[in-house]
Amino acid sequence: MNRSSFLASSASFVALAQGAAQAQNVPGGTHFVERAADFDKAAFVRTVDRGSVRMVWEQVAFHPQVFANVKNALNGLQFGFGYAPSQIAMAMANHGASSAYGYSDYVWQKYKLADALKLKDASGNPVTSNVYLKASKTDRSADPDSDTSFYQDTSIETLQSRGVVFLTCHTAVEEQSRAIVKGGFAPAGMSPADVANDILTHLIPGAVVVPSMVAAIGVLQQVHKYSFIMPAFA
């Protein structure tokens, strides 16, 4: 092999190695369609295969009031039916516009999600950051009947601390990334793949990436015996 061929081969090897390393650092990998090699199925199973009462909540349209429903279900199971928190397993299966619940403020602001995904609050005002994330009530000793009680907090962090798993759809991220670039909401020069990789590496703490949410719901129902819930909002 001559020097030119050797250098070309070396450069190709380095590029392949860098690409592989990048894929390993991006949850779900860098393909548009996530591959089995990039999905940590064992970790997923460890996360969801628990509890005697299991519920998966699907949300596509952006209706944050679903968190109050989840909170009420947790309280009803714990305080009414008498199940220990360790016996309650819930998963939030957010995709479509609701995928934004799993994105950090960095993502919300960089890609102007309020405009890109048309995210508005109950009053019709644009939501410009993930205001649903941070816990506001931390006193677990407070009376659960009190409005100031930890058990009345509907924040993502509090729900996570009560065992609710927030899933992120890899397919939704990829599709939204294409729409973000097409709509002019990404910084100049970024490709859809760049945006997708950026989003997937800036999710909220504890988010679990699944290859496809509709597929994950099927697995949760059929394999892990989760009851399916999709609240309807007017």
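Visitor: Where is the place of S98?

Guide: This is a predicted model. S98 sits in the loop between β2 and α4 (105-110).

Visitor: Is S98 buried or exposed?

Guide: Look at the relative accessible area. Buried means under 20%. S98 has 0%, so S98 is buried.

Visitor: Which residues does S98 touch, not counting those up to four places away in sequence?

Guide: S98 touches Q59, V60, A61, F62 and H63.

Visitor: Now the sheet. In what order do the strands stand?

Guide: Read across the sheet, strand by strand. The order is β4-β3-β2-β1-β5. These 5 strands form an open sheet, and the pairing is parallel.

Visitor: Which strands stand at the edges?

Guide: β4 (208-210) and β5 (227-229) do. Each has a single partner strand, so one side of each lacks a neighbour in the sheet. On average, neighbouring strands are turned by 30 degrees against each other, direction ignored.

Visitor: How many bridges pair β2 and β3?

Guide: β2 (residues 88-94) and β3 (residues 164-169) pair over 5 bridges, in the parallel sense. Take M90: its bridge partner in β3 is V164.

Visitor: Which residues touch the most other members of the largest nonpolar core?

Guide: Start with the general idea. In soluble globular proteins, nonpolar side chains tend to be buried together. Here the largest nonpolar core has 42 residues. F67, M90, Y103, W108, Y111, L113 and I199 touch the most other members. Helix α3 (residues 66-80) gives the most to this core, with 6 residues. Another core lies apart from it, with 18 residues, among them A172, V208, A216 and Y226.

Visitor: What is Y111 in contact with, leaving aside neighbours within four places in sequence?

Guide: The contacts of Y111 include A116, I180, F185 and I199.

Technical notes
Residues are numbered from 1 along each chain as its sequence is written. This is a predicted model: local features need pLDDT of at least 70, side-chain atom pairs count only at pLDDT 80 or more; totals for chains, interfaces and linings use all residues. Side-chain values use heavy atoms; hydrogens and water are left out. Two strands pair if DSSP finds at least two bridges between them. Helices (H or I, at least four residues) and strands (E, at least two) are DSSP runs, numbered from the N terminus. Axes are lines fitted to C-alpha atoms, for helices over the stretch in contact, and angles run from 0 to 180 degrees between N-to-C directions. Buried means under 20% relative accessible area, exposed over 50%, partly exposed in between (1.4 Å probe, protein chains only). Contact means heavy atoms within 4.5 Å. A nonpolar core is a set of buried Ala, Val, Leu, Ile, Met, Phe, Trp, Tyr and Cys residues joined through side-chain atoms within 4.5 Å.
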